[in-house]
Amino acid sequence: MTDRDAIERFLEMMAAQAGAAANTLAAYRRDLTLASDVLAGALARADADALARLADEWRDLSRATVARKAAALRRFFGFLVDEGDRADDPSRALPRPGTRRALPRTLGHADVDRLFAAIAARLARDPPIATDLRLAALIELLYGSGLRASELVSLPRNAVHPDRPFLILKGKGGRERLVPLSDRARAAVAAWRAHVPAAAGYLFPSGGTHISRVRLFQLVRGIAAEAGIPPDRISPHVLRHAFATHLLEGGADLRALQTMLGHADIATTEIYTHVDRRRLVDLVNERHPLERTLAEARVDASVSGT
């Protein structure tokens, strides 16, 4: 079995069973091919000493890059063991640099209120102009549903039904997911769609296709500036983060949030659990049964005068 054959079989499995996206498959192919080149085509048969040589080759790379490469090789060797091509898994010799995942940038509730106030001021024109109706629909869907920028700009014209409070989207890796829609978002889309030609293929058309992610980015920053939010603090992805963070703060279930965001791994969703620690303490004090018993006892004591 050559490295090339092993890598191709591995990538076929990742596409068919794990639903890996094209960019993910390309990254795996690149990392595995480079590792095979370093080991002179003997990656699939590599032992712990060979993998140690690989780690030495990576010594000048960033921790994040080393972590990514090592993770790709671990999955590759796990596949070979599962397929019976190897009896052992040498990947324990690979480094574990322990990358530190940065917390996502997000917006506070006051920032979001100012953003929608700026949109409302635009819509107060009589009659509102079509581009403002489009902007309202875009922002409502970004913050109200947590869509990715690429998913939002490429929505079909009739993706949002007036009597259906959800979207069915095909996201990364071709995985379908259900995304709830608020009444506000559906109303904003309906107001905008009245200005979209019936023959248009997209909800947010531009030329022969749809508006670009770059244009969406510009529109978000433009309305943020009107709302007094510094441009470097906001982007379409920041609004997606705000959607997730504020839902969790409101008591949303992490698994439900994972489904809505389209994350394949719940570890990705867990980055949103950076909620205010004071809120967590208050939650325990308010909801824990022992705390409620103590509170009731204090009330009883004050009534009886003891």
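I began with a term: two residues are in contact when they have heavy atoms within 4.5 Å. I then looked at contacts in the chain between residues at least 6 apart in sequence, and 64% of them join residues at least 24 apart.

Before going further I noted the ground rules. This is a predicted model, where local features need pLDDT of at least 70 and side-chain atom pairs count only at pLDDT 80 or more, while totals for chains, interfaces and linings use all residues. Residues are numbered from 1 along each chain as its sequence is written, and side-chain values use heavy atoms, with hydrogens and water left out.

**Entry 1: the whole chain**

I found 14 helices and 4 strands. Helices (H or I, at least four residues) and strands (E, at least two) are DSSP runs, numbered from the N terminus. I looked up burial next. Of the 306 residues, 39% count as buried. Buried means under 20% relative accessible area, exposed over 50%, and partly exposed in between, with a 1.4 Å probe and protein chains only. The accessible surface of the chain is about 17,000 Å², and carbon and sulfur atoms hold 53% of that. These areas come from the Shrake-Rupley method with a 1.4 Å probe; for residues, only the protein chains shown count as cover.

**Entry 2: helix 4**

I checked the length of helix 4. Its 20 residues should span 28 Å at 1.5 Å a residue, and its end C-alpha atoms are 28 Å apart, which agrees. The expected span is 1.5 Å times one less than the number of residues. Which helices do the buried residues of helix 4 pack against? They pack against helix 1, helix 2 and helix 3 (48–57). Among these buried residues I listed Val66, Ala70, Phe77 and Leu80. After helix 4 comes Gly84, with a positive phi near 80 degrees.

**Entry 3: helix 4 with helix 1**

I compared the axes of helix 1 (residues 3–16) and helix 4 (residues 63–82). They come within 10 Å and cross at roughly 95 degrees. Axes are lines fitted to C-alpha atoms, for helices over the stretch in contact, and angles run from 0 to 180 degrees between N-to-C directions. The two helices are therefore roughly perpendicular, a label for angles of 65 to 115 degrees. Helix 1 brings Ala6, Ile7, Arg9, Phe10, Met13 and Met14, and these meet Arg75, Phe76, Phe79 and Leu80 of helix 4. I sorted this contact by class: 8 nonpolar, no polar and 2 charged residues. Ala, Val, Leu, Ile, Met, Phe, Trp, Tyr, Cys and Pro count as nonpolar, Asp, Glu, Lys and Arg as charged, and the others, Gly among them, as polar.

**Entry 4: helix 4 with helix 2**

At what angle do the axes of helix 2 and helix 4 cross? I read roughly 85 degrees, with the axes of helix 2 (residues 22–38) and helix 4 coming within 10 Å. Helix 2 and helix 4 are therefore roughly perpendicular too. On the helix 2 side I noted Tyr28, Asp31, Leu32, Leu34 and Ala35; on the helix 4 side, Arg68, Lys69, Ala72, Leu73, Arg75 and Phe76. The classes are 7 nonpolar, no polar and 4 charged residues.

**Entry 5: two leucines**

Leu155 lies in the loop between helix 7 (149–153) and strand 1 (166–170). Is Leu155 buried or exposed? Leu155 is buried, because its relative accessible area is 1%. Leu155 and Tyr202 are 47 residues apart in sequence, yet 5.8 Å apart from C-alpha to C-alpha. Leaving aside neighbours within four places in sequence, Leu155 contacts Leu141, Leu147, Leu167, Leu169, Tyr202 and Leu203.

Leu257 sits in helix 11 (residues 254–261). Leu257 is buried, with a relative accessible area of 0%. Not counting residues up to four places away in sequence, Leu257 touches Phe243, Ala244, Leu247, Leu248 and Thr269.

Definitions and conventions
Angles under 35 degrees count as roughly parallel, over 145 as roughly antiparallel, 65 to 115 as roughly perpendicular and the rest as oblique.
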